[in-house]
Amino acid sequence: MINIQRRRLLKFAGLTAAMAAVYPFLSYAEGMIGMGNQASSDFDPDVEIELKQEVVDIPIFRGPETRVWKVFGKVLKGPETAIVNHAESYIAPTIQLQKGQKVRIILKNNLPAQSILHWHGLHVPSKMDGNPMYAINQGQTFVYEFKVLNRAGFYWYHAHTHGVTAKQVYSGLAGLFIVSDQEEQALDLPKGEYDVALAIQDRTFDDQNQLYYNNHMMQRMQGFLGNQIVVNGQPDYVLPVASRAYRLRLLNGSNSRIYKLAWDDGTPMTVIGVDGGLLERPERHAYIMLAPGERREIWMDFSGKAVGTELTLRSLSFDGSMFGGMMGGMHGGMGMMGRMRGRMMGGMHGGMMSGGDLPLGGDYAVLKVRVSKQVQAQDKLPEHLSAIKPLRLQDAANADSPRNILLSMRHMSALLNGRSYAMDDIRDDEIIPVNTLQAIAFDNGFGGGMGMGGMMMSMPHPMHMHGEQFQVLKREIDPRFRAGYETVEAGFVDGGWKDTVLVMPGEKVTVLKPFNDYKGVFMYHCHNLEHEDMGMMRDFLVK
């Protein structure tokens, strides 16, 4: 709640002149915190939307209502279907647009704090991306204007305010963003009520039904873990379905929790889409990993099941410990270090800090599906879903020397290449020529790591890059971490277009990312939101 605008404005006043001299295309004066942004006279939107951020009380449980930070949406121009409000939930409105549409989104901040929204996964200009430098104060407005360039896909949006992203997203500032296009519409995929978007989150509520969140040292290091799973803002979620095929869109909207999702009856998870839209062909997995910020679209056919049949989507056990490996071949997680960590965490805040009965890597129910009616349908899963041109390493501008980004945690800091986040700290190796393809390797202790008494301290990190989406080129795992890695590796879905990739302890993941069309500042960071707020976030400057 502390207003730090004056201090930041003084900082940016000196920065503006220096940056303008070196990078004249950047207008940092327009990007000062608290300055806002107004509508352009020469931008004619196909769709115009108003989003208001408010403090409200909503009924989640019996008894006292829960105070949340909620977004309310209204269509000012264009089809009313562009906005779907969720009055019964803290979830922000779902935005539904078509590829090629020009959209204006007017954000009004009525919260007692600074805030800004980021369009996660969308390819938009730097100033429209929701960088923390554009945060607005209470009573101010920020106007976003951009053309939807993304292919059909399941995207989302959320607060991206410096240092408090985790708390603001946790309080309710996050919603779904669905894009459609002609290629997708030509497929005979489930539509309407049979196309269901599900935001999976974890929360902790106190005995007065209020959201509980603290910032204890261990919580910051591991990320916040709630003791209750909520889906679309509702606890104990039950999805009623008909006896036919469904398209289920799954978002991990949790601050830090990683899910290992599987059906309790052993039905394979049939994946048809990832972060950036449909795959070329369906993939079947016994389970799928879903890290914070990631999305998966699955095909699930309930035909032939009797009314009253219930299925449970569970998160299965895996090694997600803070201590990813031991020198000399010893392994942590579910072994000695996992037990040590459990003793450290046990009993603190009555289990609230560690997620109570839902520890990271535990086995628990996420949601229940109940067949509620019989219908006749001839659903057939398409063998071919989409055309995706694979990116090639030889086409990258740095094919011979991928940009290596070392992920590390030490002294209560979460770092990228040993650096913490600062708004005015773009280094030479973070400057990228526009309209180039770049090879980028996220290194989470592959072949070495941060020592701590003979022990490697490492955690899973879901790495997200703003701007255009990327393709995963390869994964490499340090043999010392193989035991823990084997509990998750069959659940990676690395095909198609992605904007977030899970990097496990001892792993290096290399991706190919285009930096096309737009110059300016684009962030890259860990999507464990507590890690992001601790400084595990940096900027690329595209010029």
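Reader: Is Lys498 buried or exposed?

Author: With a relative accessibility of 0%, Lys498 counts as buried; the term means under 20% relative accessible area, while exposed means over 50% and partly exposed in between (1.4 Å probe, protein chains only). The model is predicted, so local features need pLDDT of at least 70 and side-chain atom pairs count only at pLDDT 80 or more, although totals for chains, interfaces and linings use all residues. Residues are numbered from 1 along each chain as its sequence is written, and side-chain values use heavy atoms, with hydrogens and water left out.

Reader: With which residue does Lys498 form a salt bridge?

Author: A salt bridge is a side-chain nitrogen of Lys or Arg within 4 Å of a carboxyl oxygen of Asp or Glu. Lys498 forms one with Asp275, and the closest N and O atoms are 3.3 Å apart. Lys498 lies in the loop between α6 (482-485) and β31 (500-503), and Asp275 in the loop between β16 (269-274) and β17 (277-285), so the pair ties together parts 223 residues apart in sequence. Helices (H or I, at least four residues) and strands (E, at least two) are DSSP runs, numbered from the N terminus. Asp275 is also buried, its relative accessible area being 0%.

Reader: How many salt bridges are there by this rule?

Author: The count comes to 35. One of them joins Glu184 and Arg249, with the closest N and O atoms 3.8 Å apart. This pair links distant parts of the chain, since Glu184 belongs to helix α3 (residues 182-185) and Arg249 to strand β14 (residues 245-252), 65 residues apart. Glu184 is buried at 8% relative accessible area, and Arg249 is buried at 3%. Glu489 and Arg482 meet in another salt bridge (3.0 Å, N to O); Glu489 is partly exposed at 33%, and Arg482 is partly exposed at 30%.

Reader: Which residues of the largest nonpolar core touch the most other members?

Author: In soluble globular proteins, nonpolar side chains tend to be buried together. A nonpolar core is a set of buried Ala, Val, Leu, Ile, Met, Phe, Trp, Tyr and Cys residues joined through side-chain atoms within 4.5 Å. Here the largest has 65 residues, of which Leu51, Ile95, Trp119, Tyr144 and Phe146 touch the most other members. Apart from this core lies another, of 34 residues, including Ile229 and Leu311.

Reader: What is the strand order in the open sheet of 5 strands?

Author: Strands of a sheet pair through backbone hydrogen bonds, either parallel or antiparallel. Two strands pair if DSSP finds at least two bridges between them. The order is β3-β4-β9-β8-β6, with mixed pairing. The edge strands, β3 (83-84) and β6 (117-120), each pair on one side only. Strands β4 (residues 94-98) and β9 (residues 174-180) are parallel over 4 bridges, and Gln98 stands opposite Ser180 in β9.

Reader: Where does Asn417 lie?

Author: Asn417 lies in the loop between β24 and β25. Most residues other than glycine have a negative phi. Asn417 has a positive phi of about 55° although it is not a glycine.
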